[in-house]
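Keep the 3D view open as you read.

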Amino acid sequence: MSALSPRDPELEVEPEPLADPPSLHHGETLAAALLDGADLAGRSARGISFDEAVLRAVDLSESRLEQLSLTDVELSGCNLSNVVAQRARLNRVCARNCRLTGLLLSAAALQDVTFAGCRIDLGSFGASRLQRVTFADCRLAQTDFIEAQLQDVRFHDCELTETDFRGATLRRCEARGSELQSLRGVERLRGLSMPWAEIVANADVWADALGIGRIED
């Protein structure tokens with residue numbers, strides 16, 4: 001059975017452009033808001049919520065946003081590199097062409113989330129729950145899913161070099177057209193489906209994980 005697709009964000013209200021960047025105080029909620037080119041780098045706040053919001057070219061890099069909540073949010077060309085967002089909640093979120101290098105989303109819950117054309121290398125989804133999440137054309141090199149729970153998660157045309165799945169559990173997940181070299185925790189990929197041709201093409205990955213040696217003809 002194929003992995004289920006994530007639902008798209010539901011923007012029932014046309015977001016209103018904000019004249020000034022938000023202050024991002026603890027517990028602040030931004031609803032039906034459009035942020036375009038806002039510089040919010042290096043902020044620190046707990047419990048920030050974005051509801052039915054659109055973020056374009058917003059810079060949140062190096063911010064600490066624990067318990068961040070995103071519901072029905074679209075992000076385009078944003079910079080969230082080295083953002084610490086432990087225990088975040090993402091529901092019906094679409095991120096396109098965003099830089100997420102070093103993003104820390106540990107102990108988080110992601111449901112109906114799409115990452116398309118994003119750079120998410122050196123990141124962490126450790127101990128997080130991912131349900132109906134798609135990574136499409138993303139760089140996930142050296143990102144970890146340690147002890148994470150993945151259900152209906154799809155990796156399409158992604159770079160997964162040195163990605164770490166140790167302790168992870170997968171259910172109805174799939175990978176297509178993705179680079180799988182030097183994976184860690186390969187034995188935890190039970191529950192992952194791939195096209196047969198790609199399973200064969202990655203025989204060296206499975207052999208390395210199982211300690212199977214090669215006999216030269």
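**From surface to rings**

The chain exposes about 10700 Å², and carbon and sulfur atoms supply 45% of that area. Keep in mind that this is a predicted model. Charges come next: there are 23 positive and 34 negative side chains. The centres of the two sets lie 6 Å apart.

Now trace the fold. The chain has 2 helices and 12 strands. The C-alpha atoms fill a box of roughly 70 × 30 × 25 Å along the principal axes. Of the 217 residues, 50% are buried. Among contacts with a separation of 6 or more, 10% join residues 24 or more positions apart.

Next, look at the rings. A pair of aromatic rings is described by the distance of the centres and the angle of the planes. The count here comes to 9 aromatic pairs. In one of them, the ring centres of Phe-135 and Phe-145 are 6.0 Å apart and the planes stand at 85°, which is over 60, so the pair is edge-to-face. Phe-135 sits in strand E8, while Phe-145 lies in the loop between E8 and strand E9, 10 residues away.

Phe-145 also pairs with Phe-165. This pair is stacked, with 5.2 Å centre to centre and 5° between the planes. Phe-165 is in the loop between E9 and strand E10, 20 residues from Phe-145.

Finally, step back: Phe-115, Phe-125, Phe-135, Phe-145, Phe-155 and Phe-165 form one aromatic cluster.

Methods
Residues numbered from 1 in each chain as written. Predicted model: local features only at pLDDT ≥ 70, side-chain atom pairs only at ≥ 80, totals over all residues. Heavy atoms only, no water. Phe/Tyr/Trp six-rings, centres within 6.5 Å; stacked < 30°, edge-to-face > 60°. Helix = DSSP H or I, 4+ residues; strand = E, 2+ residues; numbered from the N terminus. Buried < 20%, exposed > 50% of the residue type's maximum accessible area, 1.4 Å probe, protein only. Contact = heavy atoms within 4.5 Å. Areas by Shrake-Rupley, 256 points an atom, 1.4 Å probe, with all protein chains shown as cover. Lys, Arg positive; Asp, Glu negative; His and termini not counted. Charge placed at Lys NZ, Arg CZ, Asp CG, Glu CD.
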